[in-house]
Amino acid sequence: RAKADGRGTFCFFRDEMAATVEARRILELDLRKALANEEFELFFQPLVNLKSGKITTCEALLRWNHPVRGTVSPVDIIPVAEDMGLIVDLGRWILRRACMECMKWPEGVSVAVNFSPQQFHQRDVLSEIRYALEVSGLPAHRLEIEITESSLLRNTQLTHDILSQLHALGVRISLDDFGTGYSSLSYLHNFPMQKVKIDRSFLEGIDTDRPLTLLRGVARLSADLGMSVVVEGIETNEQLELISADGTVTEGQGYLFSRPVPAVRIRQLLNASHGRRMPDDQLAVVSF
Ligand code: C2E
Ligand code: MG
Ligand code: MG
Ligand code: MG
């Protein structure tokens, strides 16, 4: 296409590329400063047990409060942090902060922390996790690590060993975004995992027959393999009813229950969910 349009277009592409490279360089510089400047924040989003309606777990989701750009999405942060090698420091901060926050919650509630492939395959991943539990005082069974298929498919023997050791430690492993990759669940089941989070793309058009059949199939298979099943991205009561119907799905997560919220707010939601008296009256009850 550049050829057909002649020289001018080519120059335009080159300028655009230079601009992209420059933007990226600035982003990297900003990211390096962000940890020291305490610009990162963890939001939390509940996972709700569909039978009891209680919050079982809260997932930590990274936010970057950039002084000029405003809130930057983790989707833009994590890949850049991985390329820069900053993911180890950032991941350490996230893990410790998440464990410390969980210590302020009712005892039955766990915290889920996302691990990027690079973070999961760093040499010291086990000591990082052990140390975070130690400094925070959080019991291992209240920590859940979310990894994706791509983490499992890399360096499989080593991955298996790490997961086994985490399992022995009492930390739970959750397979995030399941269904977006190409691996079969029966293969993935060779790894010690306790939970499958079915990607929210399975909810799209759930009112037409096919996607619901798919979702139910994946949910049943996970359950038959002994894993608990979460559906992510539940936004409507209709979706909730459909996925709750056959009792296979254990937990749900999505805007219907709550959007990701700041730490202060999640404490309020947890107190409400666990029947404690609220310090203030401005609480919006989790709606479902
Ligand atoms: P994820 O782990 O699958 O997290 C779920 C994402 O879906 C979150 O986006 C959440 O805000 C969004 N979501 C939840 N419920 C709904 C819903 O009902 N509807 C819709 N449309 N979206 C919903 P978020 O916070 O932007 O995070 C995006 C991804 O970035 C995460 O996907 C995760 O892969 C990654 N991420 C976030 N925080 C961290 C982190 O601390 N460490 C690492 N390594 N990755 C992170
Ligand atoms: Mg996740
Ligand atoms: Mg997910
Ligand atoms: Mg996702």
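Predicted model: local features only at pLDDT ≥ 70, side-chain atom pairs only at ≥ 80, totals over all residues.
A salt bridge here is a side-chain nitrogen of Lys or Arg within 4 Å of a carboxyl oxygen of Asp or Glu. Residues are numbered from 1 along each chain as its sequence is written, chains are lettered from A and ligands numbered from 1 in the order in which they are written, and side-chain values use heavy atoms, leaving out hydrogens and water.

**Magnesium site**

- Glu59 (OE), Asn114 (OD1), Glu146 (OE) and Asp176 (OD) coordinate the magnesium ion (ligand 2) at 2.0 to 2.2 Å. Donors are N, O and S atoms within 2.8 Å of the metal (3.2 Å for Na, K and Ca), and water is not among the atoms, so sites may look incomplete.
- Asp176 also coordinates the magnesium ion (ligand 3), which sits 3.8 Å from the magnesium ion (ligand 2).
- Asn114 is in strand 4 (residues 110-114) and Asp176 in strand 6 (residues 172-178), so this pair ties together parts 62 residues apart in sequence. Helices (H or I, at least four residues) and strands (E, at least two) are DSSP runs, numbered from the N terminus.
- Asp176 is buried at 7% relative accessibility, while Asn114 is partly exposed at 25%. Buried means under 20% relative accessible area, exposed over 50%, and partly exposed in between (1.4 Å probe, protein chains only).

**Salt bridges**

- The whole structure has 18 salt bridges.
- Arg92 and Asp89 are three residues apart in helix 4 (residues 87-102), about one helical turn.
- Arg24 pairs with Glu28, their closest N and O atoms 3.0 Å apart. These two are four residues apart in helix 2 (residues 7-36), again about one helical turn.
- Arg69 and Asp30 form another salt bridge, at 3.6 Å, N to O. That one links distant parts of the chain, with Arg69 in the loop between strand 2 (55-66) and strand 3 (70-72) and Asp30 in helix 2, 39 residues apart.
- Asp30 is buried at 14% relative accessible area, whereas Arg69 is partly exposed at 42%.

- Most residues other than glycine have a negative phi.
- Asn155 has a positive phi of about 50 degrees though not a glycine, and is found in the loop between helix 7 (149-152) and helix 8 (156-169).
- Asp177, also not a glycine, has a positive phi of about 55 degrees and lies in strand 6.
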